[in-house]
Amino acid sequence: MENTSAWLERARRVQLGNYAPAPIVLERGEGCRVVDVDGRSYLDLSGGIAVLSVGHAHPVLAQAIAAQASELIHVSNLFYNARAIEFAEALTARTGFSRAFFCNSGTEANEAMLKLARRYHHERGEAGRVEIVSTERSFHGRTYGALTITGQPKYHEGMGPLLGGVRTVPYGDLDAMRAVVGKSTAAVIVEPLQAEGGLVVPPPGYLAGLRELCDQSGALLLFDEVQTGYGRLGSFLASELFGVRPDACSLAKGIAGGFPLGAMLVSEKASAALPPGSHASTFGGNPLACAAALAVLRIFDDEGLVERSRTLGATLAQKLDAIVAEGSLPVIERRGLGLLQGLRLHDSIDPAATFRRLIDEGLLVSLAGGDVIRLSPPLVVSESELDEGLHILRRVLADAPRKSA
Ligand SMILES: Cc1ncc(COP(=O)(O)O)c(C=O)c1O
């Protein structure tokens with residue numbers, strides 16, 4: 001069996017250099033544990049960056065995928081398939097949205113929302129309403145539409161020209177929104193909690209204010225729930241937590257437990273905006289992905305994962321607050337909600353080196369916003385696993401690598 005360095009050598013020869021993965025090669029997992037090719041075990045509180053909602057190798061999910069794979073994997077959207085119908089029924093029943101469109105990723109679900117918004121106004125005879133307003137520090141994906149509305153210039157570097165008709169204003173600032181939203185606005189798109197931007201919780205009343213503004217101006221309100229969706233914040237959708245209903249939302253990441261699947265949920269008002277032929281995705285909604293998603297929903301119900309995220313999230317918040325309050329570790333504040341929380345590192349600390357040190361100590365996390373240690377564990381995580389992770393975090397932070405002068 002090959003060891004880590006042999007695999008790394010092979011990877012570096014053939015894989016494109018667009019990622020900079022940590023130098024470990026993961027081979028198998030169970031729940032919140034993963035094991036690398038050298039047999040070393042890690043506690044995974046990153047959960048594949050909020051993807052592994054039901055943990056690694058959940059037997060119900062694994063069995064559902066295997067069973068569906070031996071029956072029917074793909075049929076194309078020239079035909080119906082029962083799993084996609086069942087999954088659309090389940091999602092609409094749970095969320096109150098009217099209709100679902102399926103694709104393969106978060107960026108694709110956001111592209112669908114952008115097209116939905118422009119086409120919605122076009123169908124209503126307002127073809128001039130094309131502008132999309134997004135927010136600074138947002139992250140919506142890497143395809144051109146989603147990239148353009150992503151409010152982080154570093155991702156735009158060298159990629160221009162980007163999509164036209166996009167404006168970006170500071171997140172959390174209703175006045176800034178009011179200044180740009182008007183008759184030419186097709187839609188306002190926000191994350192109900194900015195995830196990649198550093199786990200930024202919206203100020204009270206912000207999302208409700210956006211709802212009001214969109215209602216007044218006739219623009220659609222779109223929520224990107226790719227990272228917050230399905231229980232992550234302690235409610236099924238984040239929009240429920242904030243009591244604000246958008247006209248459409250995007251989902252991906254955890255909805256099929258790691259199997260690639262994206263979704264756009266649409267309210268009745270906008271449900272006719274994409275007529276036949278106006279949008280499509282070859283793999284979108286195939287029986288295999290939808291069987292995985294249905295299994296994930298069953299696991300959510302059987303194991304009470306939304307409730308679990310709410311209660312464990314509250315516990316985690318207390319524990320992280322205690323770390324900040326102690327004042328002896330180089331952290332500035334707690335960020336986030338539910339099982340999407342983290343600690344913002346002091347300016348003097350090197351986040352990337354800290355991330356690597358945590359891996360050396362057997363803990364997998366991720367960074368958000370450059371300086372936030374993000375915990376986005378599988379929702380099946382136990383309190384003792386969280387405690388174990390926080391113990392490692394404390395130990396590493398006590399002697400955290402500093403930035404070189
Ligand atoms: C809020 C949000 N939207 C969209 C995306 C893009 O999703 P994907 O990488 O599946 O295209 C991400 C990924 O991190 C995300 O966090």
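Predicted model: local features only at pLDDT ≥ 70, side-chain atom pairs only at ≥ 80, totals over all residues.

I started with helix 11 (residues 305-326) and helix 13 (residues 383-398), which pack at an angle of about 20 degrees with axes 11 Å apart. Helices here are DSSP runs of H or I, at least four residues, numbered from the N terminus; axes are lines fitted to C-alpha atoms over the stretch in contact, with angles from 0 to 180 degrees between N-to-C directions. That angle makes helix 11 roughly parallel to helix 13 (the label covers angles under 35 degrees).

Residues are numbered from 1 along each chain as its sequence is written, and side-chain values use heavy atoms, leaving out hydrogens and water.

Next I listed who touches whom, with contact meaning heavy atoms within 4.5 Å. Helix 11 brings Leu312, Thr315, Leu316, Lys319, Leu320, Ile323 and Glu326, and helix 13 answers with Glu383, Leu386, Asp387, Leu390 and Arg394.

Then I zoomed out to the domains. An automatic or database assignment sets the bounds: domain 1 is 4-57 + 304-398 and domain 2 is 72-303. Their centres, taken over C-alpha atoms, are 26 Å apart. I noted 28 residues from domain 1 and 29 residues from domain 2 in the contact.

Last, I looked up the buried area (accessible area, 1.4 Å probe, that two parts lose on being put together, summed over both). Between domain 1 and domain 2 it is about 2200 Å², with 61% from carbon and sulfur atoms. On the domain 1 side, Val306, Leu337 and Leu340 lose the most area to domain 2, together 23% of what that side buries.

Methods:
Helix = DSSP H or I, 4+ residues; strand = E, 2+ residues; numbered from the N terminus. Parallel < 35°, antiparallel > 145°, perpendicular 65-115°, else oblique.
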